[in-house]
Amino acid sequence: MKKISLVLLSVVLASSCVSKKEFAALQTEKENTEKELLAVKTNLQKCLIEKEKEDSKVFALQEQVKYLKEDKKSALKQVENLTVLTQSSSDNIKTVISQLSEKDKYINGIRKAMTQKDSINLAIKYHLTRNLTDGIQDKDIEVNVEKTVVFISISDKLLFKSGSYNVTDNAYTVLEKIAKVIKDQPQMEVMIEGHTDPTPIKRNLIQDNWDLSALRATSITRILQYKFGVKPERLIAAGRSQYVPLVENNSPENMAKNRRTKIIIMPKLNQFFDLLEQDAK
């Protein structure tokens, strides 16, 4: 009996020792499992947070797509409306372009006409300068070209006596040369302008400087017509009195400069515009 009891006791003790090891192992496994579970939960929480962020982005993108679709519809509608207007605008643009083309032709015609007139006038200036300055002091006569007009300015002392509209004998030589150039250019008109200084004047037939400047202009005009054969329909007489001075009337020398007669050779306006119309066509 004693032997049996000892054996049973040994078995029981042996069994108790195995269970403690297994229990310790299970305990350790349980702790590891709990740690793994905690890590999984932590990762799951992170994934849920990331998902919420991505869902927000997806929602924002969906709203943007929705807005773009609506905007596209609105744009298409505007394009449809503009299509109707575009046809009308296109017709208007074609009309405007056509008008601009006509204006360009007209402007080019003006430039061409002015170039032709400038060439003619430069030739006139050369001829006049060469002939008129022969034996005449440069300060007494001056020839200039401005745009399409030739200006001949002759000093008072070369043409008239002081305060008179009677032409001096010396003036005929100058006027004869001018008349020859005028007659060689039948397409040009001629204006004779009388200019005075502001010194008051009152004599028989002369009330003031208006009268004096106009009478001097008509005196030159008559000589060009009756003496040298310039056609009267080409001549214009004008008096400017003292109101268009070259310089200030503040000295005897300056007043002498302002007492002058201008002979202006210019293209006939009707011929000038006829030339423009021909170029435009």
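Predicted model: local features only at pLDDT ≥ 70, side-chain atom pairs only at ≥ 80, totals over all residues.
Residues are numbered from 1 along each chain as its sequence is written, and side-chain values use heavy atoms, with hydrogens and water left out.

Let's stay with strand 2. Helices (H or I, at least four residues) and strands (E, at least two) are DSSP runs numbered from the N terminus, and two strands pair if DSSP finds at least two bridges between them. Strand 2 pairs with strand 1 in the antiparallel sense over six bridges. Strand 2 also pairs with strand 5, again antiparallel and over six bridges. On that side, S153 has K262 of strand 5 as its bridge partner.

How much of strand 2 is buried? Seven of its seven residues are, so the strand is largely enclosed by the rest of the structure. Here buried means under 20% relative accessible area, exposed means over 50%, and partly exposed is anything in between, with a 1.4 Å probe and protein chains only. Both faces are covered: V149, F151, S153 and S155 are buried on one side, and V150, I152 and I154 on the other. Over in strand 1, E142 is partly exposed, with a relative accessible area of 44%. E142 and I152 sit 10 residues apart in sequence, with 5.7 Å between their C-alpha atoms.

In soluble globular proteins, nonpolar side chains tend to be buried together. A nonpolar core here is a set of buried Ala, Val, Leu, Ile, Met, Phe, Trp, Tyr and Cys residues joined through side-chain atoms within 4.5 Å. The largest one has 27 residues, and those touching the most other members are I152, I154, L175, I192, I220, L224 and I263. Two or more residues each come from strand 1 (141-146), strand 2 (149-155), helix 2 (156-159), helix 3 (171-184), strand 3 (188-195), helix 4 (209-227) and strand 5 (260-267). Helix 3 gives the most, with six residues. Apart from this core lies another, made of five residues, among them V149, F151, M191 and M266.

On a 1 Å grid over the protein atoms alone, a pocket is an open set of points where a 1.4 Å probe fits, with protein on both sides within 12 Å along at least five of seven lines; lining residues have an atom within 4 Å of a point. Points are joined across faces, edges and corners, and a volume is the space filled by probe spheres set on them. The largest pocket holds about 530 Å³. It has 23 lining residues, and the closest to its centre are K139, S153, L246, K257 and R260. Strand 1, strand 2, helix 2, helix 5 and strand 5 each give two or more residues to this lining, and strand 2 gives the most, with five. The lining divides into seven nonpolar, four polar and 12 charged residues; Ala, Val, Leu, Ile, Met, Phe, Trp, Tyr, Cys and Pro count as nonpolar, Asp, Glu, Lys and Arg as charged, and the others, Gly among them, as polar.

The second largest pocket has about 190 Å³ of space. Of its 13 lining residues, S162, G163, D197, T199 and R259 are the closest to the centre. Helix 4 gives the most to this lining, with three residues, and the lining splits into three nonpolar, five polar and five charged.

Helix 4 also takes part in the one aromatic pair that turns up in a search of the whole structure. Rings of Phe, Tyr and Trp (its six-membered ring) pair if their centres lie within 6.5 Å; planes under 30 degrees apart count as stacked, over 60 as edge-to-face and the rest as tilted. W210 and Y243 form a tilted pair, 5.5 Å centre to centre with 35 degrees between the planes. The two are 33 residues apart, with W210 in helix 4 and Y243 in the loop between strand 4 (235-239) and helix 5 (252-258). W210 is partly exposed at 44% relative accessible area, whereas Y243 is exposed at 53%.
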